[in-house]
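Okay, thanks for coming, everyone. Let me put the model up on the screen and then walk you through it.

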Amino acid sequence: MSLLQVKDVSMFFGGLAAISDVSFDIQKGDILGLIGPNGAGKTTMFNVVNGFYAPSKGEVFFKDRKISGLQPHQICKLGIARTFQVVKPLQRMSVLDNVIASAYLRVNNKGEAEDIAREKIKFTGLHDDIDVISKGLPLGKRKKLEIARALATQPEMILLDESFAGLNPAELDESIEIIRKIKANGITIMIIEHHMKVIMAISDRIVVLSYGQKLAEGTPNEIGSNPLVVEAYLGEAESA
Amino acid sequence: MKKNIPLIILAILAVLPLTGTSTYMLHIVILVIMWSIIGMSWNLLGGYCGQVSFGHAAYFGVGAYTAGILYTKFDISTWWGIPLCIIVVALFSLVLGFIVLRLRGPFFALATLASGEVMRITAENWVDFTGGTMGILIQKRTWVDKTWYFYIILIIAAVTFILVKKLIHSKLGYYFVAIREDQDAAESLGINTTLYKTIALCISGVLTGIAGAFYTSYMGYIDPHVAFALHDISIITIMIVMVGGVATFWGPFVGALIMVLLAEFIRSMPGLGTAHQTFFGVLLIVIIIFLPNGVVGDFKKLKRLVGLGRASS
């Protein structure tokens with residue numbers, strides 16, 4: 001059963017088409033990798049799914065319910081959580097308070113919210129920093145905090161926007177482990193990532209975007225051997 | 001021990017009128033308590049929820065005029081203004097919030113600034129209803145003695161105190177701070193930022209309005225320049241919280257105490273009395289540079305600064 005359906009979505013900013021006519025489905029329990037060169041429209045796609053943007057054309061369905069056009073907080077309540085590429089911790093709050101604030105989505109009492117928060121913080125391996133004011137956290141831990149916070153809303157699906165960028169190899173391994181654990185808990189994942197090794201290793205399916213258009217879709221093996229994808233990436237490398 | 005501090009302060013204040021305090025002293029204490037209420041309510045919206053309002057005079061004035069107009073138009077005691085203004089100011093906050101809460105940051109601040117001024121000009125020109133610049137004079141004062149006024153404002157303050165304390169430790173409090181720290185992140189965590197900002201604005205407005213309604217009963221006279229004053233209400237409210245400590249629980253009390261005493265002190269100085277705004281301006285600059293978190297927020301730093309001063313002299 002497909003959990004999320006993106007149908008012919010286009011997003012225009014003035015005359016610029018950041019996304020044009022992109023469609024794909026995500027099956028429940030899968031990890032879908034969203035890749036593409038810089039400026040391909042990956043984060044824009046997240047912003048459309050998450051409700052920050054209403055698509056200029058097309059529709060997004062979550063559990064067969066149309067969600068495009070809803071507000072981000074409504075979409076979150078329906079069960080889609082996200083992290084940000086440019087991390088947005090609630091700076092002057094402690095790690096615990098950050099996660100409690102998002103746990104309050106499903107519960108109204110402080111004790112329950114705190115229980116959920118502590119569990120998610122442990123899950124992401126942040127328990128040593130639980131009382132640290134999040135402003136002072138290093139990037140790797142802020143990225144984990146983003147994940148903990150998203151999980152505390154008890155989503156059915158989570159959108160991870162470059163949760164691995166800027167991490168050292170040890171942190172990278174930990175994060176891959178966290179993602180595997182999220183999947184094991186039955187949460188569907190859509191992930192944007194530049195680390196090819198990581199994305200190839202963890203994704204069930206991959207969608208490739210380039211200049212706002214869907215270039216290819218398939219399993220990691222199919223994508224790896226697709227000449228169009230190779231060209232898009234090498235072309236990027238040449239011009240850089 | 002620390003938990004009992006509010007009770008101890010309340011007990012001391014409660015017996016204060018019995019100790020033969022002079023009328024003037026009691027007046028000062030009443031003003032400090034009234035300003036603490038306004039400070040607490042501003043702090044809820046500006047300190048915790050991060051929506052910095054430069055127009056709290058609008059809520060104060062609407063509260064004050066609710067009480068005043070009850071008296072002039074309906075011949076009902078101004079005291080009924082306190083319960084009635086809860087409804088009036090809540091509705092007013094909803095309407096105003098619908099407009100100003102669409103804006104963020106400095107744009108919100110400017111819109112609130114304008115809203116206070118719009119209310120003042122409206123009150124000046126709607127002569128039939130508000131009495132215009134002639135203002136409203138309450139001829140039948142309830143009491144000549146200040147004791148009862150003192151107890152009434154003390155009760156309002158105690159209720160406000162409990163309400164704010166409960167609020168900031170609840171789900172609402174977490175949501176307010178989340179909105180302050182990052183509105184986009186808050187929204188994506190499932191927080192309906194528009195709704196919760198409106199709630200913060202309504203609570204803050206109503207509490208300020210109650211203080212305004214009390215002011216009418218207490219002072220017995222309001223006019224648009226007093227009740228909707230930009231400098232003497234909107235700006236002073238911000239100063240109280242800034243001096244005391246933004247988003248700290250005790251900040252508004254400490255700030256109100258410092259500001260009211262300072263205002264009285266400067267006004268009593270011959271030749272300088274009219275320049276109190278200038279002093280406040282200088283004080284604000286000093287606070288921003290040396291104690292950006294206010295006296296309460298930077299208390300340790302303040303102790304250190306004072307300690308250093310002693311050591312070097």
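So, here's one to start with: in which hand does H12(B) cross H14(B), left or right? It's a left-handed crossing, where left-handed says that the near helix is turned anticlockwise from the far one by less than a right angle, and clockwise would be right-handed.

Before I go on, some housekeeping. This is a predicted model, where local features need pLDDT of at least 70, side-chain atom pairs count only at pLDDT 80 or more, and totals for chains, interfaces and linings use all residues. Residues are numbered from 1 along each chain as its sequence is written, while chains are lettered from A and ligands numbered from 1 in the order in which they are written.

Back to that helix pair. H12 is residues 230-244 of chain B and H14 is residues 276-290 of chain B, and they pack with axes 11 Å apart at an angle of about 30°. The axes are lines fitted to C-alpha atoms, for helices over the stretch in contact, with angles from 0 to 180 degrees between N-to-C directions. That makes the two helices, H12(B) and H14(B), roughly parallel; the classes are under 35 degrees for roughly parallel, over 145 for roughly antiparallel, 65 to 115 for roughly perpendicular, and oblique for the rest.

Who's touching whom? From H12(B) you have His231(B), Met239(B), Met242(B) and Val243(B), and from H14(B) come Gln277(B), Phe280(B), Leu284(B) and Ile287(B). Contact here is C-beta atoms, placed from the backbone, within 7 Å. Sorted by class, that's six nonpolar, two polar and no charged residues. Nonpolar covers Ala, Val, Leu, Ile, Met, Phe, Trp, Tyr, Cys and Pro; charged is Asp, Glu, Lys and Arg; the others, Gly among them, are polar.

Ala247(B) is buried, because 22 other C-beta atoms lie within 10 Å; the cut-offs are 20 or more for buried, 12 or fewer for exposed, and partly exposed in between, with C-beta atoms placed from the backbone.

Now look at Asp75(B), in the loop between helix H3 (56-74) and helix H4 (81-100) of chain B. Phi is positive there too, near 55°. Asp75(B), though, is exposed, with 8 other C-beta atoms within 10 Å.

Zooming out, chain B has 16 helices and two strands, taken as DSSP runs numbered from the N terminus: H or I of at least four residues for helices, E of at least two for strands. Buried residues are 46% of its 313. Of the contacts in chain B with a separation of 6 or more, 77% are between residues 24 or more positions apart.

Chain A has nine helices and ten strands. Its C-alpha trace spans about 50 × 40 × 35 Å along the principal axes, and 47% of the 240 residues are buried.

Last stop, where the chains meet. The contact takes 21 residues from chain A and 15 residues from chain B. On the chain B side, the elements giving two or more residues are helix H8 (171-181) and helix H9 (183-188). H8(B) gives the largest share of that side, six residues. By class, the chain B side has seven nonpolar, three polar and five charged residues.

Notes. Contact = placed C-beta atoms within 7 Å.
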